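Take a look at the sequence and the model below.

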Amino acid sequence: MSESERLMAERQRHCQDEKRRLELALKENQKRTDELQKKLDALLAIDRDLRSRGKNR
């Protein structure tokens with residue numbers, strides 16, 4: 001294997017490792033976003049409920 005082939009193989013491994021790392025980070029960020037969205041939706045529902053109760057008084 002020539003030096004350039006070895007370097008290319010090393011770069012490919014590095015890129016594959018980086019791709020896996022970024023995919024995991026993306027998956028984790030998507031999970032966190034989904035959790036935050038659920039919390040926001042719950043808070044908005046509480047807010048709507050409290051506002052509608054205030055109008056009925």
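## Terms and ground rules

A salt bridge is a side-chain nitrogen of Lys or Arg within 4 Å of a carboxyl oxygen of Asp or Glu. Arg51 forms one with Asp47, and their closest N and O atoms are 2.8 Å apart.

This is a predicted model: local features need pLDDT of at least 70, side-chain atom pairs count only at pLDDT 80 or more, and totals for chains, interfaces and linings use all residues. Residues are numbered from 1 along each chain as its sequence is written, and side-chain values use heavy atoms, with hydrogens and water left out.

## Overall form

The protein has 1 helix and 0 strands. Helices (H or I, at least four residues) and strands (E, at least two) are DSSP runs, numbered from the N terminus. The radius of gyration is 24 Å, well over the 10 Å that the globule rule gives for 57 residues, so the protein is more spread out than a compact globule. That radius is taken over C-alpha atoms, and the globule rule is 2.2 Å times the number of residues to the power 0.38.

The C-alpha trace spans about 80 × 10 × 5 Å along its principal axes. Met1 and Gln30 give another view of distance: they are 29 residues apart in sequence and 41 Å apart in space, C-alpha to C-alpha.

## Buried or exposed

Buried means under 20% relative accessible area, exposed means over 50%, and partly exposed lies in between (1.4 Å probe, protein chains only). Buried residues make up 2% of the 57 residues. Met1 sits in the segment before α1. Met1 counts as exposed because its relative accessibility is 79%.

The accessible surface of the protein comes to about 5800 Å². Carbon and sulfur atoms account for 54% of that surface. Accessible areas come from the Shrake-Rupley method with a 1.4 Å probe; for residues, only the protein chains shown count as cover.

## Charges and salt bridges

The protein has 16 positive and 12 negative side chains. The centres of the two sets lie 8 Å apart. Lys and Arg count as positive and Asp and Glu as negative, while His and the chain ends are not counted. The place of a charge is taken as NZ of Lys, CZ of Arg, CG of Asp or CD of Glu.

Side chains of opposite charge can pair when their charged atoms come close. How many salt bridges does a search of the whole structure find? It finds 7. In one of them, Arg51 and Asp47 are 4 residues apart in helix α1, so about one helical turn separates them. Arg51 is exposed, because its relative accessible area is 54%. Asp47 has 30%, so Asp47 is partly exposed. Elsewhere, salt bridges that share partners join Glu3, Arg6 and Glu10 into one network.

Glu3 is partly exposed at 48% relative accessibility, and Arg6 is partly exposed at 37%. Lys19 and Glu23 also meet in a salt bridge, at 3.9 Å, N to O.

## A nonpolar patch

Which residues form a nonpolar patch on the surface? They are Leu43, Ile46 and Leu50, with about 310 Å² of accessible area together. Patches are made of residues with over 30% relative accessible area and no salt bridge: like charges are joined within 9 Å, nonpolar side chains (Val, Leu, Ile, Met, Phe, Trp, Tyr) within 5 Å. Leu43 lies in helix α1, residues 3–56. Leu43 counts as exposed because its relative accessibility is 56%.
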